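Here is a quick tour for anyone opening this structure for the first time. Have a look around, then read on.

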Amino acid sequence: MSDSSTAAAHQHGSEHAPFLRHHFESMEQQKDATNFAMWLFLLTEVMFFGGLFTVYMIYRNWYYEAFVAASHQLSVTLGGVNSCVLITSSFTMALAVWCAERKKKAAVVALLVATFLMGVLFLGIKGVEYREKFAKHHFPGTTYSMEAFTNPASDAEATEAGDKPLPQAVAERTELFFSLYFAMTGLHLLHMLIGMGLLLYMVFRAQSGAYTGGHFSYLEYFGFYWHFVDIVWIFLFPLLYLINRH
Amino acid sequence: MNDATIVNLPDQATAKIPRDNYITRENGILSWLLTQDHKRIGILYLISMTFFFFIGGALAGLIRLELLTPQSDLMAADTYNKVFTMHGVVMIFFFLVPSVPGALGNFFLPMMIGAKDLALPKMNLASWYMYMIGGILTLWAMITGGVDTGWTFTTPLSTHYVNTNVITTGLAIFVAGFSSIFTGLNFIVTIHKMRAPGMTWFRLPLFVWANYAASILMVLGTPVLGIAIVLVALERTFGIGVFDPTKGGDPLLFQHLFWFYSHPAVYIMILPGMGVISEVISTFSRKRVFGYTAVAFSSVAIAVFGFFVWAHHMFIMGISSYAVLVFSLLTMLVAVPSAIKIFNWAFTLYKGSITFETPMLYAFGFMGLFTIGGMTGVFLGVAGTDIHLTETYFIVAHFHFVMVGGMLMAFLAGIHFWWPKMTGRMYPEKISQLAAVITFIGFNFTFFPQFILGTLGMPRRYASYPAEFQVLNVLSTAGATILGVGYLLPILYLLWSLRYGKIAGDNPWQATGLEWQTQSPPLTENFAVMPIVDHEAYDYEWLEQKTAQQKEAANVR
């Protein structure tokens, strides 16, 4: 290729920034590109959960009465506490990024551990909720029980919410609510688990100073992911727990 | 245009294969399997998708062989169901969707915009591994009993009435979806952030525009297919009931989710092929693509409209007549940007200096067959005729005209067009022209009779058929044999050319694209110096003047 065909503006070699991947021209370009890629990835996640939310919204409109009664079985207290736990974990995550920018290694490690523990707490509380559902036979399948909806007097939560007995045909649709409840919270949980796996990995990396040397993109983009998972929960909580509660 | 931009036109007679290139830079199997070079990953894709293409092709051969006679005699009806399902799954998810983006896009998109690599090389490698895992899982599902739902996994058939490897195949497609998302995401980021100085949006080659549009569809559509598959798997394992009418679910909802991806998916398949055709037509008519901006925006328009037509797959499934009306109208709209492309290619040919090298022959094949495929699509977009035709061989013929006559022709055009750049050697011209003609003839014999069969009412998806349809089916099977020869030939002579082909030189087609301005095969970092772009794409008029001046100067001297 003749030299005149391309004016050589690019100087390669000694002044290569330490964190610059070989195929980028500048740190700025690298940051722009990877940042954009992360947002696009989150867009695919929005489409993924979007499909599920669409399914939910359709059935909620069709079987509103059954969905209201079924949602009374969920504990707003536990769900609310869990929302606070997740929001706090997002806050500690954001702080970790802030500290990485200021090269405070010990703080980054501590904040990542705190974020991880917050995740554990969320899973614990979620586990308690799941156990209640299993105990009451509200897990969809052959053992599913409609007792709480056909005869609300027999059930503490239903009585407390002042539910009226539902006709058999309507009560049957509560199973669909719990199917969606488990599918949606389950997929959210899967995202939490993936995130917590990455958090553990990052705790070890952070201890060896990986994010406090001036290059913390990985940490920052993981933060995007963690906030996204948080936001999914922020949508799930009112959709599942707060139907018709004023 | 100024003289700073000189298109590289070296003498082919004295060309040598440069000692340092992306193939010779590193050796050993690991240097290929762990590579982050977009060109090597493109080659990995090319090899593996050729493998899957021949598996899918062998299954197609079995289908045509069974349909030679009216009775179900070569295989039982159940086996036939499994064979056509696997043909669909393998061809769509492991050949058509990744074909041009995976092989040609990976290889050439960064070169065309003057970048050293895609923005995310590791993710690019991961996409190939996802593709392979998905492909191997599919083969595993096929070997251990197969799946017989058709590639569409229609509920409640897939959730309640079959006991075959639905979940394994679903998982395979889910994993392959990641491959598609990674590729699309990588392309979008690369096109936005990695263009060389001076490479503005409206100087991008149309191949890049087409891949950009397809990438948008990959990124937005594939996750919805993902959730549809997850819900089918949950339905099968836990009986969650979202698609089960006995529990209040709606099987039609699955169709909505599935086709929300799978209709745009046909544009994921065809758009990159259209990009190839733009490059080829322009190069071999020595003219700038007529209406560059219109062709560029028609790609984006196809991507956008493509998201609002999915329900035309469901006209006979009981959606409301108002929905039918709206989706029928929207479907007609897609014909507009597709026609813009065809007309603009035709006008590019007008007064061009046309030559008939192999890529150009395939491109002509594409234009004719895609036009027929597209126009028969209008029959299916109109609800009235669709009700008669949709479950017949008419739709099989329509889809294969677009996908095999369109996309596969475009893929072969692209492979031949860029083969000199990828390998440094020319394919043998005469025999490959013959192969292109054989493919065209074989294709028409195979699929044109199916239009007639469809209008006569022969239903699709059956291993047996009434005896009166036999003549046309025999014709179709005979055509498929010719088509098979047309596909085997390129494999043979392209492999031959790796060793014995004429040395191509940097720019055998005297083309203006950036990928031709570097050595063949290219360096690992693509360009020795960062290119600066100061001219429009496809500026062949300028190139012609330039070469004329040079000749004149030489004569004077």
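## Confidence and contacts

Where pLDDT is low, the predicted coordinates should not be read in detail. As for the model as a whole, the scores are ipTM 0.92 and pTM 0.94.

Now for where the chains meet. On the chain B side, 44 residues are in contact with 34 residues of chain A. Which elements of chain B give two or more residues to that side? They are helix 7 (166-193), helix 8 (206-238) and helix 9 (251-285). Helix 8 of chain B makes the largest contribution, with 9 residues. Sorted by class, the side of chain B that touches chain A has 29 nonpolar residues, 11 polar ones and 4 charged ones.

| Helix pair (chain B) | Axis distance | Crossing angle |
|---|---|---|
| helix 7 and helix 8 | 8 Å | about 155° |
| helix 15 (residues 429-456) and helix 16 (residues 470-500) | within 7 Å | roughly 155° |

Why is the second pair, helix 15 and helix 16 of chain B, called roughly antiparallel? Their axes cross at roughly 155°, and angles over 145 degrees count as roughly antiparallel. Helix 15 of chain B is therefore roughly antiparallel to helix 16 of chain B. The crossing of these two helices is left-handed, and the residues of their contact split into 20 nonpolar and 8 polar, with no charged ones.

The angle of about 155° between helix 7 and helix 8 of chain B leads the same way, so these helices are roughly antiparallel to each other. Helix 7 and helix 8 of chain B also make a left-handed crossing. In their contact there are 18 nonpolar, 9 polar and 1 charged residues.

## Buried or exposed?

Over in chain A, take helix 2 (residues 64-71). Its buried residues are A:Ala66, A:Phe67, A:Ala69, A:Ala70 and A:Ser71. What do they pack against? Their partners in chain A are helix 1 (27-62), helix 5 (147-150), helix 7 (168-171), helix 8 (174-207) and helix 9 (217-241).

Back in chain B, B:Thr355 sits in the loop between helix 11 (321-349) and helix 12 (358-381). Is B:Thr355 buried or exposed? Because it has 11 C-beta neighbours inside 10 Å, B:Thr355 counts as exposed; the cut-off for that is 12 or fewer. Leaving out residues up to four places away in sequence, B:Thr355 touches B:Phe284 and B:Met360. B:Thr283 is 72 residues away from B:Thr355 in sequence, but the two are 9.3 Å apart in space, C-alpha to C-alpha.

B:Ala301 belongs to helix 10 (residues 292-306) of chain B. With 18 C-beta neighbours inside 10 Å, B:Ala301 counts as partly exposed. Between the C-alpha atoms of B:Ala301 and B:Pro337 there are 6.5 Å, while along the chain these residues are 36 residues apart.

Technical notes
Residues numbered from 1 in each chain as written. Chains lettered and ligands numbered in written order. Predicted model: local features only at pLDDT ≥ 70, side-chain atom pairs only at ≥ 80, totals over all residues. Contact = placed C-beta atoms within 7 Å. Helix = DSSP H or I, 4+ residues; strand = E, 2+ residues; numbered from the N terminus. Nonpolar A, V, L, I, M, F, W, Y, C, P; charged D, E, K, R; others polar. Axes fitted to C-alpha atoms, helices over the stretch in contact; angles between N-to-C directions. Parallel < 35°, antiparallel > 145°, perpendicular 65-115°, else oblique. Left-handed = near helix turned anticlockwise from the far one by under 90°. Buried ≥ 20, exposed ≤ 12 C-beta atoms within 10 Å, placed from the backbone.
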